[in-house]
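Dear colleague,

My notes on the ligand site and on one strand residue follow it.

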Amino acid sequence: MNNGPLILGIETSCDETAVGIVRGRTLLANVISSSVEEHARFGGVVPEIASRAHLEAMPSVINEALRTAKISLRDLDAIGVTAGPGLIGALLVGTSAAQGLALALDKPIYGVNHLSSHLAVDALDETRPLKPAIGLLVSGGHSSIIQVINLVDKVSVLGATIDDAAGEAFDKIARLLELDFPGGPAIDRLAILGDRNAIDFPRGLASSDFNFSFSGLKTAVSRYLQNTPKTVRADVAASFQEAVVDVLLTKALRACTETGVEALIIAGGVAANSRLRSEAIRRCAEAKVELRIPPAALCTDNGAMVAAITSLAVSAGMTSSRPGFAALSTAPVERPIWA
Ligand code: KG4
Ligand code: ZN
């Protein structure tokens with residue numbers, strides 16, 4: 001279907017300056033400029049560096065997205081922008097740029113939730129009808145199991161991490177293994193060379209509710225590395241990754257069973273993990289649950305996801321956000337669109 005609102009979405013919550021353009025549920029452009037290499041030597045994202053990089057990259061990223069989509073700013077029906085959660089200085093660059101554009105062009109603007117946007121990438125496959133689902137949202141800052149009735153106004157959290165997020169666990173273990181930042185992709189690559197059954201690392205909170213805990217696993221890997229200095233690092237990476245993947249999928253599929261929901265959306269940076277993706281395909285087929293997982297490039301932060309959720313909000317007739325709305329560093333997923 002190639003109609004629906006024409007939306008430009010801006011994402012600057014962390015270290016990616018990203019702009020996406022969609023028409024309805026069709027992706028027209030997805031341009032990303034990352035400052036990740038500027039942060040690498042610090043072993044993590046430095047907020048001030050990220051904000052400055054957003055400011056520098058914003059005009060060219062917007063222009064390239066417009067060129068790719070073959071549209072002009074005047075054609076837009078609305079503008080969407082990540083308003084939180086995220087690094088506040090980084091968010092402010094995006095929300096200021098978007099609010100300036102909306103004002104100059106006299107277009108409606110929607111401040112959107114970064115977490116809900118990750119899940120909304122699912123809408124960009126226009127061949128599939130939207131339906132209620134369980135969302136497994138696994139990123140650098142969050143690990144949650146979310147019941148999705150409607151992406152723009154009916155989502156509720158069934159469980160979340162009580163300590164580290166899944167992506168954070170990947171990044172911390174990568175540091176212990178002396179791998180590059182960001183750690184997720186580095187562990188993913190190393191793990192391919194290792195034996196995932198080599199070490200039986202603990203599965204945190206395996207049997208209880210829908211909450212996650214990764215701090216015990218992190219301690220176990222750290223102790224193992226101290227006590228076994230001659231270990232094969234690829235085996236450690238593969239076994240650690242297996243423990244994370246196992247606990248994420250076990251809980252997400254249990255949420256599907258217990259709620260009677262027949263589809264599982266997996267989203268957020270960690271959804272790019274190759275083992276999580278292949279194991280999700282296998283386990284969902286076994287459980288007769290429809291797996292909805294975006295292409296890996298749309299799992300990590302991007303502007304397409306912001307445009308996607310904004311498009312859904314416009315199509316649902318939701319009121320746009322108040323001009324001058326504030327960016328918030330923390331914001332619950334239950335609030336997908338800013339008032
Ligand atoms: O969603 P995202 O791009 O940014 C946040 O909103 O946090 O997620 C970034 C996180 C990082 O912790 C990164 O290490 C992790 O996603 N990640 C991965 C992979 N690619 C990115 N984790 C495991 N395997 C990957 N292939
Ligand atoms: Zn994210």
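A polar contact here is a pair of N or O atoms within 3.5 Å; within protein, one must be able to donate a hydrogen and the other to accept it, and residues adjacent in sequence count only if both atoms are side-chain atoms. Please note that this is a predicted model, in which local features need pLDDT of at least 70 and side-chain atom pairs count only at pLDDT 80 or more, while totals for chains, interfaces and linings use all residues. Residues are numbered from 1 along each chain as its sequence is written, chains are lettered from A and ligands numbered from 1 in the order in which they are written, and side-chain values use heavy atoms, without hydrogens and water.

One of its oxygen atoms lies 3.5 Å from a backbone N or O atom of Gly141. An N or O atom in the side chain of Asp171 is 2.7 Å from an oxygen atom of ligand 1, and a polar backbone atom of Asp301 is 3.1 Å from an oxygen atom of the ligand. Ligand 1 taken alone exposes 550 Å², of which the protein buries 88% (Shrake-Rupley method, 1.4 Å probe).

The shell around ligand 1 draws at least two residues from each of helices H4 (114-120), H5 (166-176) and H6 (183-191) (helices are DSSP runs of H or I, at least four residues; strands are runs of E, at least two).

Gln147 belongs to strand S7 (residues 143-150). Gln147 is buried, at 18% relative accessible area, because buried means under 20% (1.4 Å probe, protein chains only). Beyond its neighbours within four places in sequence, Gln147 has contacts (heavy atoms within 4.5 Å) with residues including Ile134, Val155, Leu158 and Val261.

Yours sincerely

Key
Buried means under 20% relative accessible area, exposed over 50%, partly exposed in between (1.4 Å probe, protein chains only).
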